[in-house]
Amino acid sequence: MSEVVGEAWRKYMLQLKLHPLRTKAVTAGVLAGCSDAIAQKISGVKKLQVTRLLLMMLYGFAYGGPFGHFLHKLMDVIFKGKKDKMTVLKKVLLEQLTSSPWNNMLFMMYYSLVIEGRSWGIVKSKVRKDWPAVQLTAWRFWPIVGWVNHQYMPLQFRVIFHSFAASCWAIFLNLKARTLATKKA
């Protein structure tokens, strides 16, 4: 069994080296799909909602992986690959003040518009109402992820690590959305 895992890892690493953007996009899509399947199961969905799962995978593939790929490359250029504590702090602050608010707002809009099929008016109202609480919660979770990512992860693994953390975050957001919907019902 360990030989199979070792061979799969070797092939994955080769793809990451030869096709980093594509590999990170596919990885982010698969992890988004896994997190949605877990969230559906935890939230009590009886039959897996395949369309929803595929739309979540699309988000990870088309946005999450590519955005992370270019963000981390840009951060490495801006900070010249430095990893001292002050530089890592600056990276985390920059990420939390720019991409974190954007990513959370975009995800909320995508989820409401595309996955739930709500109208733009309802989506705007929902984001206006719920985004501040989501963002404040994000600032309790993502700075730790960012610190570990920038301090300890090699550049080629940052998007993968971030995608894994995003999978956990998406489960949280899914369950929070379901709790809010249950309270209103």
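Contact is defined here as heavy atoms within 4.5 Å. The structure is a predicted model, in which local features need pLDDT of at least 70 and side-chain atom pairs count only at pLDDT 80 or more, while totals for chains, interfaces and linings use all residues. Residues are numbered from 1 along each chain as its sequence is written, and side-chain values use heavy atoms, with hydrogens and water left out.

Trp142 is found in helix 6 (residues 120-152); helices (H or I, at least four residues) are DSSP runs numbered from the N terminus. With a relative accessibility of 8%, Trp142 counts as buried, where buried means under 20% relative accessible area, exposed over 50% and partly exposed in between (1.4 Å probe, protein chains only). Apart from neighbours within four places in sequence, Trp142 is in contact with Gln96, His162, Ala165, Ala166 and Trp169.

Gln96 is one of the buried residues of helix 4, together with Thr87, Val88, Lys91, Val92 and Glu95. These residues cover an arc of only 165° around the axis, which puts them on the same side of helix 4; the arc is that of the directions from the helix axis to the C-beta atoms.

A salt bridge is a side-chain nitrogen of Lys or Arg within 4 Å of a carboxyl oxygen of Asp or Glu, and by this rule the count comes to eight. In one of them, the side chains of Lys91 and Asp76 meet at 3.9 Å, N to O. Lys91 lies in helix 4 and Asp76 in helix 3 (residues 50-78), so the pair ties together parts that are 15 residues apart in sequence. Lys91 is buried at 0%, whereas Asp76 is partly exposed at 21%.

Terms used: Helices (H or I, at least four residues) and strands (E, at least two) are DSSP runs, numbered from the N terminus.
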